[in-house]
Amino acid sequence: MTLLPADPHVITVGADLLGEALDAQAVPRTPVEWRPPLRGTAAALARVLADPRRSAANELAVGRLLSARPQLVGVRPAADALGLERGTFLHAGPPITWERASGPMRGALIGAVLLEDMAATEEEARRLLAGGRVRLDPCHHHGAVGPMAGVVSPSMWMFEVRDAEHGGTAYCSLNEGLGKVLRYGAYGPEVLERLRWMGSVLGPSLRDALRVTGPIDLRGLIAQALQMGDELHNRNRAATSLFLRELAPALVEAAPAHAAQVLRFAGGNDHFFLNPAMAAAKVSTDAARGVPGSSLVVAMARNGTDFGVQLSGLGDRWFTGPAGVPDGLYLGAYGPADANPDIGDSTITETSGLGGFAMAAAPAIVKFVGGEVGDAITATRSMYEITLAEHPAYQIPGLGFRGTPVGIDVALVARTGLLPVVNTGIAGRVAGTGQVGAGLVSPPAEAFIAALNALAFDK
Amino acid sequence: MNSLVKVVQGVYHDSVSLMRVSQALSALQGVEVAVVAMATPLNLDLARDLGFEIPPAEPSELLVALRAEDVTAATGELERLLGELSSRSVATESAGFPPRTTRSAARLGEGNLVLVSVPGEHAFGEALDAVEAGLPVMIFSDNVPVEQEVLLKRLAEERGGLVMGPDCGTAVIGGAGLGFANVLRPGPVGVVAASGTGAQQVTSLLDLAGVGVSQVLGVGSRDLSEQVGGVSAMRALRLLDEDPATELIVLISKPPAPEVAGAVREVVDKLRTPVVTALLGTSDGDLTSATAQVLDRLGRPVPDWLSWSRPVAKGSVRGLYSGGTLCTEASLITPGGFVDYGDDVFTRGRAHPMIDATLRLEALAKLEPGEVALMDVVLGHGADPDPALRLAPAIEAATRGDVQVVIALVGTEGDPQGLRRQAEALHQAGASVFTSNAQAARHAAGSAR
């Protein structure tokens, strides 16, 4: 009778009284801190959990996410890499119109229109955008991601990341640095000047350097950075350093005239590696797309107005809720009143088990999550409750080299009521302001509830 | 008296914990009535019956309804009690992040058995986690849709697991009593029961006769229905057949579907271990006679079952039961009006009547003079720690109102409540007390002719 234990250790879930009855008999037990599922999910949960495809579908989908091998293979202009045509602008998050766009999204679009010389003045750019004569499309619909406003126009250069395991490709723009930058909605002359330099010098130099190095293994680089105190969303200092260590000799060889300038620029920006990390995350989560019956989350993204999620089993459909205002630390005299609602595709890092999910790896930035190292550990620990797996390569030294929690299961989100922990930068709500802080944001439960219900009931 | 009604969002506690809070508040000086419960339709109705004006509320919200001289003092105490409930979770949280699902608890690797008692509409996910983790699971919860039960049992069958329940009230596995469990001595009898209180009756009588159990495997009240097809009963029978400690098996059920009973009897005939069946409503007889058969097969004498009897005058019998099988057994023995307060309709968002006697006591108070109340009182772990404490005054009041009370007391001397202590207190209050439910029913029926 091996099935029936001779020395029972009971997992108890439900009424305390029945657990206490076991305590009275000195029977060891593990109590579950159960609570009712998110509102409006009971029927959908029953159906999704009973779906005979679910278990195998999730195993397949998360297996692909875990086995992806992202490699940085090139740097190319968006016109060439994405076939982006003049008059088309990509943006972060689920689809958005100019009318519903927030301040920083509008600011970034204005900047991009000016950059592409489609308007001479801010006023003209606004009229063009408001008149609907440009096409707006999510980065995610083009195999791309962009931090904060995530605006991509044809002349901008992109990191190109390939999944050596499954063959997918994903793109992300080049990081401009901090402060007044396009992705935070700033579009002043210094912003445009920097973008032009990035197009004429930074992009081509990186392209030439990568031709010397050959593909750079981002999976290995990210794994090392986690062990050096990065979580790859709000802290990329170690990863940026490792990245430049790989690139520097090749830059000197391939672009001697610009190498010092490029290295000074990239080295002066602790977030330079955020963008390759995002492309790596995107190519990995894309590998998990399209598995019928799977409740795995393959994208979380915000456009400054809506927070959207996509599921492996539901194609390219977005499920949205209102983007929340982050809770965090503010730069200078800025405060919560200056903050825009949550924005950016950078939540692709959390979707792939990094960022807030790897918070325990980054004690240096615990101020964002409440101030104590214990809070960072709790943040990561809580995410194991809503994820399907632990990453075999991305490990956290402080948790005994346990793999990061990876593969958000929308059914587990609904059951536990635990929403993904998201680290983020905070953009100013007025177009043109730029970054005002960084912190933590809670996604809207509605998006996950809607996704689960669609998985349960839509055919 | 002042009233306070409020609905609180974002707070969840199980029905038993909240019942304790309600009772503690009601016991306060100057508090007339206190209802603290999740806002299920049943609980909202109860509060309305108590004269409260109830706003619309969802089952996931907490309902508070108070009538007291000093409402502020009562709410202060309420906050303190709810705070105590919450601080327990904080204490476990600081020791590491506690598992939020059975899946997550199973991954910790220590658990080898799962006990699910969340509200029935949410039990499926937890039980499925157990089945997928390859762990035997007891589902104490009722109100679980039957198609979920069928699916769980089919998956467990495919994986060589065991699903006990839903609506499985009791089990004893490896010496651990799960759910409502009497303290039983170890011994040679293995029990398979599609009935919690049926198993408790048989095992408690065996204990009185000095005979112990190897395992008690509940399979859930619907297992022998046509839809479920006895999947778990057949699996449990085979498991006990392989158990060297089990010399004799007893199979207990409420009236089964005839074709399922036939299939189960076919399995029984192929086992090496002898089996005594007590399928109520068939030719098997009642639970007390089945117990006597077990003792005969083991070559043990059948004792006179303990009782504390009083003469009962003629009157119509009103069965007020907490145990479904005991209720069915009694109704097969004596004519009368029977209500099983452990039925799903009475337990939605409410503690089981073995824990919370309120509904039964209300019914007892409403009986007409001359009627005979036939009730069960079930002892053991998980049950009311001192049922006689609330029951004795109600029996005294009923007796004064010329209502006669006959009680079937199911339990053992080893139970935390103590069989004799309970029996004497109930008897002293005016009730006839029997350890055999069948005898209690006959005693009540004797007067009904």
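**Exercise 1.** Find how far apart the C-alpha centres of domain 2 and domain 4 of chain B lie.

*Solution.* Begin with the bounds, which come from an automatic or database domain assignment: in chain B, domain 2 covers 99–164 and domain 4 covers 307–448. The C-alpha centres of these two domains lie 33 Å apart. This is a predicted model, in which local features need pLDDT of at least 70, side-chain atom pairs count only at pLDDT 80 or more, and totals for chains, interfaces and linings use all residues. Residues are numbered from 1 along each chain as its sequence is written, while chains are lettered from A and ligands numbered from 1 in the order in which they are written.

**Exercise 2.** Determine which strands pair with strand β8 of chain A, and in which sense.

*Solution.* Strands are DSSP runs (E, at least two residues) numbered from the N terminus, and two of them pair if DSSP finds at least two bridges between them. Strand β6(A), residues 144–145, pairs with β8(A) in the parallel sense over two bridges, and A:V145 stands opposite A:C172 of β8(A). Strand β7(A), residues 157–163, pairs with β8(A) in the antiparallel sense over five bridges, and here A:M158 stands opposite A:S173. In the hairpin of β7(A) and β8(A), five residues lie between the strands, and A:G167 takes a positive phi near 90°.

**Exercise 3.** Decide whether β8(A) is mostly covered or mostly uncovered.

*Solution.* Count a residue as buried if 20 or more other C-beta atoms, placed from the backbone, lie within 10 Å of its own. Four of the five residues of β8(A), which spans 169–173, are buried, and the strand is thus mostly covered.

Conventions:
Buried ≥ 20, exposed ≤ 12 C-beta atoms within 10 Å, placed from the backbone.
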